[in-house]
Amino acid sequence: MSTPSVSFEFFPPKSLEGSFRLWDCVNVLAPLDPTFVSVTYGAGGTTRKLTHEAVGTIHRTSGLNVAAHLTCVDATKAETLEIADGYAQEGVREIVALRGDAPKGSDGFKPHAEGFASSVELIGALADTGKFNIRVGAYPEKHPEAADQAADIAFLKRKIDAGATSAITQFFFEADTFFRFRDACVKAGIDAPILPGILPIENWAGTQRFAKMCGTTIPQVVTDAFEHATRDGTTDLLATALATELCDDLLQGGVDHLHFYTLNRPELTRDVCHALGVTPKGRLQNVA
Ligand code: FAD
């Protein structure tokens, strides 16, 4: 079993304190030599400018390969492609292309009158520019809006056929969930890499809420363990152990890349990576 490659997701900061936290996160995780890092685009398109600034700053100052998340929400096609073009001009070559969700409180995704109606349309338009490596989202426990898993996987195939080169999954807690999904994708003719999304549990209450929203199953054994750990004040230790075990199972099953949802808190992700043998790489400029 060889050491996996890794990537990390960040979100754009909304305050000065948040900016420092993101900066710290990038500095702690950059030495692990990620294949790419990605920066989310706020739900409802709410962090358009902040995402752009965070992507640009990380790209310019860290030398990391940065992927900008981009959604179809609340923008015309021209506006969305203008954002993408701005990235290309700055040398950012990776986009995580998503449909996105409606702003909070509204009633499901509704395309902008002059906007992209689906992720497939957005992916096709980005692919036509020839400027980007395009990654997309995938759902091992199916997207909540999908009729069933077969329909969801058929839609993922359309996203790959439209020009995406890999998919990053929603978080999940059992390796078999991922393996079943990966096998079903292969059976459906999807040959693009599917990168498992790993969420080290930083915040137990928040994770429970988020899992409910996304349709991610939390096994009873995880719930029981967190109840104990919360009482004992050992949640970080438990979260590190659980995520490491999940990653280890995935690696044993042939996975060679892990994508971490860091929530801009680097410690758990760093500790899991270290436990898996992903350790800081010396940079040439540091030893010259
Ligand atoms: P799609 O894959 O386009 O749609 C989701 C599912 O709905 C499809 O799989 C399909 O089953 C069904 N569906 C949708 N359209 C059709 C159609 N026309 N015909 C038939 N079926 C259809 N959200 C943000 O706002 N910002 C982010 O930065 C962000 N980053 C994310 C990163 C990852 C790795 C993942 C997995 C999700 C992310 N999300 C983000 C959440 C995402 O926007 C939501 O899950 C959204 O509801 C779906 O976006 P998508 O591109 O995955 O959807």
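1. A nonpolar core is here a set of buried Ala, Val, Leu, Ile, Met, Phe, Trp, Tyr and Cys residues joined through side-chain atoms within 4.5 Å, where buried means under 20% relative accessible area, exposed over 50% and partly exposed in between, with a 1.4 Å probe and protein chains only. The largest such core has 65 residues, and Leu-156 and Leu-250 are those with the most contacts inside it. Apart from it lies another core, of 19 residues, among them Ile-168, Leu-195, Ile-201 and Ala-229. In soluble globular proteins, nonpolar side chains tend to be buried together.

2. On the basis of the note: the model is predicted, so that local features need pLDDT of at least 70 and side-chain atom pairs count only at pLDDT 80 or more, whereas totals for chains, interfaces and linings use all residues. Residues are numbered from 1 along each chain as its sequence is written, and side-chain values use heavy atoms, with hydrogens and water left out.

3. On the overall fold, the protein chain has 11 helices and eight strands, taken as DSSP runs (H or I of at least four residues for helices, E of at least two for strands) and numbered from the N terminus. The radius of gyration, computed over C-alpha atoms, is compared with a globule rule of 2.2 Å times the number of residues to the power 0.38; for 288 residues a compact globule would come near 19 Å, and the chain, at 19 Å, agrees. Of the 288 residues, 49% count as buried. Among contacts (heavy atoms within 4.5 Å) with a separation of 6 or more, 80% join residues 24 or more positions apart.

4. Helix α4 (residues 119-129) has as its buried residues Ser-119, Val-120, Leu-122, Ile-123, Gly-124, Ala-125 and Leu-126, and what covers them includes β3 (66-71), α3 (77-90), β4 (94-98), β5 (133-138) and α5 (149-161). Ala-164, in the loop between α5 and β6 (166-171), touches Ile-123, Ile-134, Val-136 and Lys-159, leaving aside residues up to four places away in sequence. Ala-164 counts as buried because its relative accessibility is 6%.

5. Most residues other than glycine have a negative phi, yet Lys-142 has a positive phi of about 65° and Asn-264 one near 60°. Lys-142 is found in the loop between β5 and α5 and is partly exposed, with a relative accessible area of 24%. Asn-264, in the loop between β8 and α10, is buried at 2%.

6. Thr-262 lies in the loop between β8 (257-261) and α10 (266-275) and counts as buried at 3% relative accessibility. Beyond residues up to four places away in sequence, Thr-262 touches Phe-8, Glu-9, Phe-10, Cys-25, Leu-29 and Thr-269.

7. The second largest pocket has a volume of about 280 Å³. A pocket is an open set of points on a 1 Å grid over the protein atoms alone, where a 1.4 Å probe fits, with protein on both sides within 12 Å along at least five of seven lines, and lining residues have an atom within 4 Å of a point. Its lining comprises 19 residues, of which Phe-173, Val-222, Leu-242, Glu-245 and Leu-246 lie nearest the centre, and α9 gives the most, with seven residues.

Methods
Points joined across faces, edges and corners; volume = space filled by probe spheres on them.
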